[in-house]
Amino acid sequence: MARVFNWQIDREMSYWYPEARPKKQFAAVFDVNKCIACQTCTLACKTTWTSGKGQEYMLWNNVETKPYGFYPLGWDVKLLEQLGPQRWKNGRYEGRTVFEAAEAGTRVLGWRPSAPDYANPNVGEDDCAGQPIEKGAQLEVPHLTWFFYLARICNHCTYPACLASCPRAAIYKRPEDGIVLVDQGRCRGYQECVRACPYKKVFYNPMTGTSEKCIACFPKIEKGEQPQCFVSCIGKIRMAGWISRPEAARPENPIDYLVHVRKVALPLFPQFGLEPNVYYIPPIHAPRPFLRQMFGPGADHAVEVYRAAADDPDLAGLLALFGSTAQIVPRWRREGDTVVGLGEDSAEIVRVPLREPAYIRAAFDAAYGVQRTNVP
Amino acid sequence: MKGEFRELARAVQCRARRRAPALRGCAVGAWFLAGIFAACERPPAGPPAEITAVYRPAVPDGPEDSAWQTAPAFPATLILQDMVEPRLLEKSTPEVRVQAIADGKRIAFRLEWADETRDDLPGVGRFSDGCAVQLPARFERDVPAPQMGEPGRPVEITYWRAAWQAALDGREDSIKALYPGAAVDHYPFQAPSLKPGSDAQREMELRYALARALGNPMAGPRQRAVEDLVAEGPGTLRRSSQQFSTGRGVRTATGWAAVLSRPLPAWLKPGGRAQVAFAVWQGSHEETGGRKMRSVWFPLHLQGGPQAPEKRGGNP
Amino acid sequence: MKANGLTRREFLQVTSAAGLGAFVASAARAWGLDAADNPLAHYPDRAWENAYRDLWQFDSTFTFLCAPNDTHNCILNAYVRSGVVTRIGPTMRYGEATDLEGNRASHRWDPRVCQKGLALTRRFYGDRRLRHCVVRAGYKKWVDAGFPRGQDGRPPAEYFNRARDEWVRVTHEEAADIVAAALENIARTYSGEEGARRLRAQGYDEETIAATKGAGTQVLKFRGGMPLLGLTRVFGLYRMANSMALLDAKVRGVGPDEALGGRGFDNYSWHTDLPPGHPMVTGQQTVEFDLSAVEHAKVVVVWGMNWVTTKMPDVHWLTEARVKGTKVIVVACEYSATSSKADEAIVVRPGTTSALALGLAHVILREKLYDGDYVRRWTDLPILVRMDTLKYLRAAEVFGTPPEPLRNQTRVLTAEEKPPAPAMQREILIPEKLRAEWGDFVWWDRAAGAPRRLTRDEVGAHSGVGDALLEGAVEVALQDGKKVRCRPVFDLVREYAAHFDPRTVEEMTWAPAEAVERLAREIAAHPGSTLFAVGMGPNQFFNNDNKDRDIFLLAALTGNVGKIGGNVGSYAGNYRVALFNGVPQYINENPFDLELDPAKPARPRMYWKPESAHYYNHEDHPLRVGNRLLTGSTHMPTPTKALWFANANSILGNVKWHYNTVVNALPRIELIAVQEWWWSTSCEWADVVFAVDSWAELKYPDISASVTNPFITVFPRTPLPRIFDTRGDIEVLALVGRKLAERTGDSRFRDCWRFVEEGRVDVYLQRILDFSACARGYRFLDLEEKAKRGIPALLLARTYPKAVGYEQVHESRPWYTKSGRLEFYREEDEFIEAGENLPVHREPVDSTFYEPNVIIAPPHEAIRPKGPADYGVAVSDVSGETRQGRNVVMPWSAARQSRHPLAADGYRFIFHTPKYRHGAHTMPIDTDMVAVLFGPFGDIYRHDRRTPYVAEGYVDINPEDARDLGVEDGDYVWIDSDPADRPFRGWQNNERDYRFSRLLCRARYYPGTPRGVTRMWFNMYGATPGSVEGQATRPDGLAKNPRTNYQAMFRAGSHQSATRSWLKPTWMTDSLVRKELFGQAIGKGFLPDVHCPTGAPREAIVKIAKAEPGGLGGKGLWRPAAIGLRPRYESEAMKQYLRGEFVADDESQQGGKA
C-alpha cells in the first residue's frame, strides 16, 4: 500500500499504488435539479457501446430514482452498510475509505452483485420517500415527500478501485485524459473489479468472458467532443470538461468554476475515497442529511448557492450553456445577457442568451400578402 | 524443501518490492503456514511419495479411458492461495487425486476431485469450476516459486475450465443458453439488411464483441477446453505462444474428473524426474484467478518407455 | 467446432478482414514484469484501444424526422455502418433555425431527441417490423368468393375470425386491389333503399341510417392518424375520403352536385386531447403557448400535466426558468416527476380540477383581488342575463334597434359571398344569418343606473364598458313593456363560486385549504405573468369542459389570457392542422375537377364528411337517455362498415374500451385496412395490413409542425435503401386509387394521385405552403434541403414563442364568440338543459367515491337542468349509459354523503391511466431497451418466466391500500371495473374472449399516490388472443403471437380494460358558436377536433384482488421487496440510508474544505 492525497476528503489515505495524476483529468458536472430521468443518456450509451451479445443487461450509463432506485440492486446501501457509519469533521473525512476498510485477502472493501441484482434496472422509478401521500398534500422546498433522479456513469476516479483490485493490472488510467479503461485484450474476467468498484460501474460480459466499463467515449474526447450521454442529454444537465486540482483552479474553466470556485458541484460518496470525477449539483428539494450522506458536507452550501442563482447571472448563465453544444467547452465567459463557450484557443464555440428572446412579426406580411397569426 | 523455502521467500520479496512494504509481513506469514502444511501433510507411510507417470503406447484423451484403471493414484493435498491478493481465506477442495500417463511424446494428467456443484455457466457473479497443472518451463536444480513462478523463472500451466468444456460439449454461443428467458429485439450485426454469414456481417458481429475482435482467449468461441499459459510470478500470467495441450473433463458422481495432456517438456525424458503443481477452482465458492486451492511442488517420476526399461525406485 | 457459426480459424480471418488484425497482437503479446508497474501512471501497450475507435466509426450519416404524436418532432441523425443504421443521435442544429425575416432560434433548443428516438433502430429492423403486406386468410377467401352475404347483408361469420386467423402474404398491388374491391362492394351494398333496408335489418339506429343520405360511401370511414404528423402521407386518407365521391357518382349514378364522399374520423378530439371547454370560452379550438414561453413568466402553474415525462425535450425551459426565479407550482393527483421539480407541489383528488379552479376564483372574488379592467374589457362577466329565459339579454329587446354594423377587424358575409382561402382571411368572417341570431348585448351602467348596449366590436381598447354592475340584480324594462329580472354573469358566477370556500374545496379536492388561499393570492399577485400549463390529466375526465371553463375564469379574473408570459395552455397531442391552413388545397381538392398542372393551385371542394370516432367507439349509437336523443344532428354518425387508417394504433389497438370494441363493435365492420411499419395491436385485429416505409426510409417527403415549439419540420427523403418490401404511405393511397380506376373505369381515381406516381409530392406540399398563413413564402424544396442538414425552419406565426390570444389582447381583436369576449356563460339550450350554462363542477362520471356526474351546487336561480324525470328515466338509474345524461344537482353537503353505486361491491379505487416518459401513445415502448427501463419490473433476461415481455404493465397503489387487500409489492393482481359493461358487454357468457380481456398485472407499492387512487401508465401494448396463446405455447413463455410476433406487455387485458366510451351532451351541441378549423370564419355546431365528443378514458372505478405472489415462479415475495429495498419492506440498513445516518458531520459547516 502507498499513501496518497485525496482532496475530496482533505487528507492522505492508503491506496494500492503510489499517487500519479494524469496530465489532464476528464471530469463532468451533472445538475441533478435538471435531470428528468428520460433515459436518453442511457440509450445513447447503450446503442453506441453495449449493443453486443452478453451486454444486454449492461448500462454503462444509467439513471435511477433515489432513494429507492438502484442499478444494481442496493449498490450503495450495501457498501454503506459494510463500511458502517462514518464521520466528517470540518470538511475532513475521519472515517475509513474502501481501501482502508479492505478485508483480509482483498485490496478493496466491496461486494459481488449477481445477475438478479441487475434485473429491474429502473426499480424504484419515481418512488418517493419521506411522508407518504395519504390524501391531499402541499409541499414546499425542502419537500417532505421526495425523490430525485441520479444519472450515473463511470467516475473515472483519481484513485480507481477497479484498477487497484485487478490482479493482472489490466486496468489503467490514461495519462493524457485520466480516462480509466479495462484492457479487453488482457482481461481474464476474474470480476475482481466488478466486486471492488463501489459505484458498480464495471460489468462482466459472460459472452466475451471479460469485464467492461464506460470509456468516457474517448474516441470522441480525443476529437474535442463531449461523450454520447452528454450530447443526448435533453434535460441539459451535463457538462464535460477538465478539472484542475483545487489549488490550480481556473474560474474561466466551467468545471473548476462550479466545483472549486462556487463549490456548487460535489463528488458522489466522497467518503469511499476514490476521488470520483463526476460532480453533482445536489437536488435542492431533498432532505439535507441524505444529501450529506451522498455528496459530503458541502451539500448545504451547494444547495444554498444554487437556490440563490436567480440573482447570480454568472451561475445561471453558465448553467444555460449546459447541453448547448456537442463540443467540449474548456473556457467560458458571460457578456451581459449572453453566455459564450470558448475553446482553449479562446475561439468561440457557442453563444446563447440567458433568456430566449420573443419576436413579434407584423400582422400582415406585405411581401407575401398573408396574415401571420397565432390563430390560423 | 529447503529449495522451496528459498524460492518462496524470493518470490514473496519480489512481490513486496514491486508492491508496497505493507505486504511483506503478511505474505511471509502466509508462506510460513503454507510451508508447515506442506510438511505436515506428508504422512510417513501409505500413499506413494511421488507421482508416477506410467508408460503407455498412447496417452488417453479422456478421463473415462480404461488405461487409467492401472495407473497409480497420488493424493495431492491442496492449500489455500493466501500469498498474494486477492487471496483465498476459506479452504474448499482439500485434495485432488492425480494420475499420470506418458507415451514418450506427451504426458497426460488425470485430476479428480470432489465438488458438489456443477459450475460451468458463465455469468455475472458466476464462476467456473476448473483445474490446472503447472510445470517449470525449463530444467533447473531447484524449482521456481510454486505460485505462478517468478521473474526470470517462468512456469508452464495447462488450464482446464468447466465453462469451456460445456461450450465444446455443445452449449450454444447465445445469450439464451445462459438466460433461457432472455428476449432481445435487436443486435446491429443481425440487421436483416446484412447477409447472415457475409464478411460484413461477421465484421460487424466482432466489432460488438471487443475481446473477441482482439483475440482474447477468454472471449471464445472455444475450440479447446484447455489453455496453455506461461507466468513469471503473480499478475504476469499470459497465453503461451504454443497452444499444444488438450484436455477434457466430465462430471462424476462426486465432482469432476479431467484429463489434461501436453507434450513432454524437452528437458523431461522417459525415466527422468520433475516437479509438478496443481490448482483447483470451485465456482460455487467464488474461486477465480488467484482465489484458488493450489498445491506445493510434487515430485513427478516419468517411467521409461519400452526401449528404455525403467529402473525401480531411487533418484538417478 | 462451430460456435456462433464461426470457427476459430474463420474468426481470425474475419478479424483481419475487419482490419482488427493489428489488435490481435495485443492479446498474445509478451508482458512480463511491465504488468506490475503503476497503471495509474503508465500502461505498456495500448494498441487495443483502436478496437473502441473502430466501434465508434461510421461510414455515413443522414437525417430523418421522428414524429410520433408527442409534439416534439425531432430531426435526428442516423449513423450508418455497412449499410446498417447502427445508432441515432441529435443534429444539434435547431439553434440554426431561422425564418424569412432572419429571426433565429438559439442553441438552447438543442439537443432535440429522446430515448425512444434512439431506440428506433429496433423498430427499423426488429421482428415486428412489417416485412411485406398481408391479408387475413379468411378475408381473402371472402373477397375471392365474391363477397357472399346473408339476407340482411351481413357477411358469413366464418370469414371473420379476426386476431386468430392465419395471414397470407400479398404484394402491395394485390392488397390494394383487395381494398379497392371491398370499398366498392361495401359502398354498393349499403347504397340506396336496399342499403338502408340492410342497415335496418342489422339493427342500426334510424338516425344513423338517415345520416347516410342513401350514399353507401358514407359508411366508409377513413382516418389519417394525427394529420399534423404527415400532411400528405397521413392526411392523404382524407383526400382518399374526398375521392370516394367519384365512387358514389358511379354507384348511385349521381352527378358532382349530389355525390357524397366517405367519412373521416377525428383525431385531436378522438385522442381526448381537445380541451372541449376552450371553444366554449374563446370560440376557437385551443389556447396554448410554446413551452419556451415559461422563460417570460413569473409564475407557472403546471396543472395535471406531467411536463417532466411528457414534454421531455422542453423540460429544460422549466428547470432553467426556475433557476432564474420563475416560481413553479405543480398541481397533480400524485407526487409526480414534475412535482419533484416544484417550488410548491399540491396533491389533489383526480377529476376535481373544476372545483379547485372555482375555489381559487372564490378567494379572488371574495377578496376582490381580480383585475377589474381586464374583466370589463375582455369577458362577458358584465353582460346581463335574463333570469326568466336564462339567455343573455339582447340589446334589441331593450332598445328595439337592429344589430350594429361590425367594424372591428370583422366582416359580415352575405349568403352569396364566398369567403377567400383561409390564409387570405384577414378579418373575422361572420355569416349574416349568425350575426342576426346573436344580436348585441347589454351591460348595466351603475352611475347612470341604465342599461347600455354592447357589441362584439367593443373589446379591449374599444370596450366602452365603464362602471358596470357586476354584483346584484336589476329589473330591466324591455321594448314590449315587460320588465325582466337580470343579473350580470359576474354575479351568477360569484354566487356559484361562493359555494367553493377553501374548507369545502379541501373536502372536495383534497387540496389543503391553506394551499388554496395561498395559491389564489400568488396568482392574483402576478397578473399577466402567470402561465397555466394544463395537461392531459384533467382533460381525460368527463367534466373536462367544466374544467376548462373554470380555469379560464380564474385566468381571466387575473388578466392571464393572451399574453406571452401570462396565458392558458392545454398540452395533449399535436393537433393544430391549421398551422398549415392551406391543407384543403390537398385533402379537399375537387376529385371531379383535378388540377394536374404543378404550377397551378387546386380548386378545393369538400365531399367527405368528418365524424367523431367516439360513436364507432359507442358501437355506432348516438347518446340516447330515456326518451331523449342527446347527440346533436350536426354530429350524427353513420354506421361504420369499413375502417381504413394509417400511422395510428389509437383508433383500434389502443382504442378506449378496447375489449368491448374488438368483441362487440368489430364484427359489424366489413373491412379493416391498416398502413403500418410495426406490427401493432391494430394489425392484430385487421383484415389487410399494408407494409409501409419507416421514417428512416421515406422516399416521399412530408412536413409537420408543432403546437409546443416554433418549428416547421420536414420529413426528408432519405438515402437508406428500403430494408423490406415496403412502400410509402402515400404510394399505398395512389395504388388503391389506381385499382379503383381500373374497377370503375374512372381515371380520375388515379389522377387524384398523379403527382405521387410522378414522384412530385412536393407539388402538393408547395400548394399547402403557398396557402398557409404561417408558412407562405417558404419553398418546400429549400426546407427539405435544410432538414437534410438537420436544420428546421421557424413557423411564421405571429409571435415567437407562439401565444394564442396575443392578437386579441394586443390588438383588441374580438374572440370568436358571440360577444367577442371570453364567455363564461353559455346561453344555448343544450347547456341550460344540462345545468351547465354556468361553469359548474360535476363529479367524475365514474372515477369518484361519490354519486357520479352530479352537479355540485346549492340552489341557484340560474341552474335549472332537465332531470331524469324529464327524460322518463328513474332517478335511481345510474347505469353507465344513463349516467351520461343524468342531471342531478346536489350541494356538497349532500354529495359528500353519497356513494358510488358500486362502492358496496368493493369497487373503491379510482383507476387512471396517464401517459409516461417511456412511450408516445404506444410508440415505441415494446422495444427491449425502452421497455426494460419502463418501471420497476424490467428484466432483459426474464428470470421470471411469467413476465410477458422484458417488462410489463403494473398498477401503482398506495401501500396501505395494498396491505388492506393482502397484496404484496410486486404481486400479480386482477383488476375489474363495472361488470355491467367491462371489459366488454357480455363477458359473463364469453369465456373465450374474457380470457385475454380481463386485466392481470403486477402491483407496485407506490407511496406517491393517495389512498383510493390507483394509476396504470397508458402506453403498454395489451393482450390479444395471439399473445395469450404465445405465452401458453412458447418455450420462453413470451406473450408473443406465434403467427405475427405481436408482443404484448400484459399477460391479460390492458390499461383499456377498465374504462369505456363516454359521451357528454355538452360535447354534442348544434348551437355552440366557434371558428371554423381553418381561417377566420365563424360557424356553429359540430366541428371535428373543435366541438365534438372527447371521451373520458380516465374514468374508471375498480376492484383489485390478489392473483399470484410476485416472487420467482409465483413463490414468495418479489426479490427487491424480499431483500428490503422497497417501500414498507425496508431493511435496517435501508432505514438508516433513508435517514442519511451513514455519515455524521460534526458541525455541519457549509461548503467543507473542498
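The legends below describe close-up views of a predicted model.

**View 1. Two crossing helices, α7 and α26, in chain C.** In this predicted model, helix α7 of chain C, which spans residues 172–189, and helix α26 of chain C, which spans residues 729–744, have axes that come within 8 Å and cross at roughly 60°. The two helices α7(C) and α26(C) are therefore oblique to each other, and their crossing is right-handed. On the side of α7(C), the contact is made by C:His172, C:Glu173, C:Ala176, C:Asp177, C:Val179, C:Ala180, C:Ala181, C:Leu183 and C:Glu184, while α26(C) contributes C:Val732, C:Leu735, C:Val736, C:Arg738, C:Lys739, C:Leu740 and C:Arg743. Sorted by kind, the residues of this contact between α7(C) and α26(C) comprise 9 nonpolar, 1 polar and 6 charged.

**View 2. An open sheet of 3 strands in chain C.** The strands of this sheet follow the order β26-β27-β28 in chain C, and their pairing is antiparallel. At the edges stand β26 (702–705) and β28 (793–794) of chain C, each of which pairs on one side only. Strand β27 of chain C, made of residues 711–715, runs antiparallel to β26(C) and is joined to β26(C) by 4 bridges; within this part of the view, C:Ile703 can be found opposite C:Val714 of β27(C). Helix α30 of chain C, residues 780–788, lies across β26, β27 and β28 of chain C and runs at about 85° to β27(C).

**View 3. Strand β15 of chain A and its pairing with strand β3.** Strand β15 of chain A covers residues 238–242, and because 5 of its 5 residues are buried, the strand is largely enclosed by the rest of the structure. Both faces of β15(A) are covered, with A:Arg238, A:Ala240 and A:Trp242 buried on one side and A:Met239 and A:Gly241 buried on the other. Strand β3 of chain A, residues 26–31, pairs with β15(A) in the antiparallel sense over 5 bridges, and A:Ala28 has A:Ala240 of β15(A) as its bridge partner.

**View 4. Helix α11 of chain A, a mostly covered helix.** The buried residues in α11(A) are A:Leu315, A:Ala316, A:Gly317, A:Leu318, A:Leu319, A:Ala320 and A:Leu321. After α11(A) comes A:Gly323, a residue whose phi is positive, near 70°.

Terms used. Residues numbered from 1 in each chain as written. Chains lettered and ligands numbered in written order. Predicted model: local features only at pLDDT ≥ 70, side-chain atom pairs only at ≥ 80, totals over all residues. Heavy atoms only, no water. Axes fitted to C-alpha atoms, helices over the stretch in contact; angles between N-to-C directions. Parallel < 35°, antiparallel > 145°, perpendicular 65-115°, else oblique. Left-handed = near helix turned anticlockwise from the far one by under 90°. Contact = heavy atoms within 4.5 Å. Nonpolar A, V, L, I, M, F, W, Y, C, P; charged D, E, K, R; others polar. Buried < 20%, exposed > 50% of the residue type's maximum accessible area, 1.4 Å probe, protein only. Pairing = 2+ DSSP bridges.
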